[in-house]
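Colleague: I am still learning how these labels are given. Could you take me through a few of them?
Modeller: Gladly, let us have a look together.

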Amino acid sequence: MKSDVMPVTTPGRARPGTRAVPPGATPAGTMPAPRRLGVRARRAWTRWLLVLVLAVLSVPFVFPTWWMATSSLKPMSEILRRVPTVWPQDPSLEAYGRVFTLQPFAQQYWNSLYIAVLVTLGTMLVAAMAGYAFARIRFPGANALFVLVLVGLLVPSEVTIVPLFRIVNSLGLIDTHWPLIVIPVLGAPAVLAVFIMRQFFLGLPVELEEAGRIDGLGRWGVFWRIAVPLSRSALGAVAIFTFLKSWNLYLEPIVYLSSKENFTLPQALTQYVDAYGGPMWNVQLAATTLTVLPVLAVFLVAQKQFVQGLAHSGLKG
């Protein structure tokens with residue numbers, strides 16, 4: 001019969017099968033409480049130091065935006081002071097009201113918005129189909145054709161603007177938005193999007209497509225029901241790239257557009273001048289602040305997909 005009485009051990013003497021622990025020492029694998037507090041304190045100081053360094057390094061990037069937003073609330077006299085002010089002494093929204101009264105800024109805002117949205121959606125569709133074709137469909141001359149497409153990245157837009165203008169003029173599309181929509185979707189600006197989508201589709205497992213074909217899906221069904229849903233991160237990166245490029249497009253609107261009602265925002269920002277041709281800085285900065293808002297919104301909403309898309313596009317080549 002086993003005894004219920006626990007064996008009595010004396011300090012400094014270990015139980016059978018265990019190692020004795022000297023008096024005042026801590027068991028193996030543990031750390032004294034003062035030492036643990038010191039390690040935590042050092043980690044906290046390191047983290048706060050890193051945050052401070054990153055905050056200082058972000059000043060050159062954040063300060064121009066801060067200066068733009070705050071200067072839009074200042075009068076011209078305060079903007080042109082010898083000693084600049086970080087915050088407006090007498091903030092006013094008068095410049096924002098003049099943005100819409102001096103020219104049809106609301107119409108120009110809508111022009112840039114709907115053009116950027118259409119170009120983004122069209123580029124995503126074309127890039128997804130072209131990238132999938134280059135990645136999954138084997139046909140003669142596929143690699144040579146893809147290299148030829150990549151050459152479009154090496155050709156500046158200023159080189160092709162004259163022949164494109166002659167083509168658009170012959171079609172009677174001058175002073176319309178069609179050149180700003182069709183050319184970016186089907187031309188050289190979409191080459192980077194095709195490259196990103198091709199790199200992403202190369203990294204997809206072939207077993208997924210084989211499973212789709214066993215279920216009776218054809219080539220289009222595999223692309224639309226399997227490949228496209230899995231490529232959301234890459235499509236997010238393409239959407240951000242394309243939207244920003246279309247939103248900031250400046251040269252092409254100057255060439256193709258001539259009436260203020262058809263202007264886009266980059267072109268409209270240059271029209272806020274006084275009677276002597278000098279820039280109205282507070283009004284220009286107010287219009288620029290309003291122009292930046294959609295860009296910030298798009299990036300904040302899709303920044304996760306943007307980072308994932310860039311990461312996945314380099315997995316396999």
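Colleague: Why is L154 called exposed?
Modeller: Exposed means over 50% relative accessible area, buried means under 20%, and partly exposed lies in between (1.4 Å probe, protein chains only). L154 has a relative accessible area of 69%, so L154 counts as exposed. L154 sits in the loop between α5 and α6 (157-170). A quick note on the source: this is a predicted model, where local features need pLDDT of at least 70, side-chain atom pairs count only at pLDDT 80 or more, and totals for chains, interfaces and linings use all residues. Residues are numbered from 1 along each chain as its sequence is written, and side-chain values use heavy atoms, with hydrogens and water left out.

Colleague: What makes a nonpolar patch on the surface here?
Modeller: Patch residues have over 30% relative accessible area and no salt bridge, and nonpolar side chains (Val, Leu, Ile, Met, Phe, Trp, Tyr) are joined within 5 Å. A salt bridge is a side-chain nitrogen of Lys or Arg within 4 Å of a carboxyl oxygen of Asp or Glu. The patch includes L154, F139, V155 and F241, and its members together have about 1,000 Å² of accessible area (Shrake-Rupley method, 1.4 Å probe, only the protein chains shown counting as cover for residues).

Colleague: Which helix supplies the largest share of the nonpolar patch?
Modeller: That is α5, with three residues. Both α5 (142-150) and α8 (191-202) supply at least two.

Colleague: How do you know how many helices and strands there are?
Modeller: Helices (H or I, at least four residues) and strands (E, at least two) are DSSP runs, numbered from the N terminus. The protein chain has 14 helices and zero strands.

Methods. Patch = residues over 30% accessible without salt bridge, like charges linked within 9 Å, V, L, I, M, F, W, Y side chains within 5 Å.
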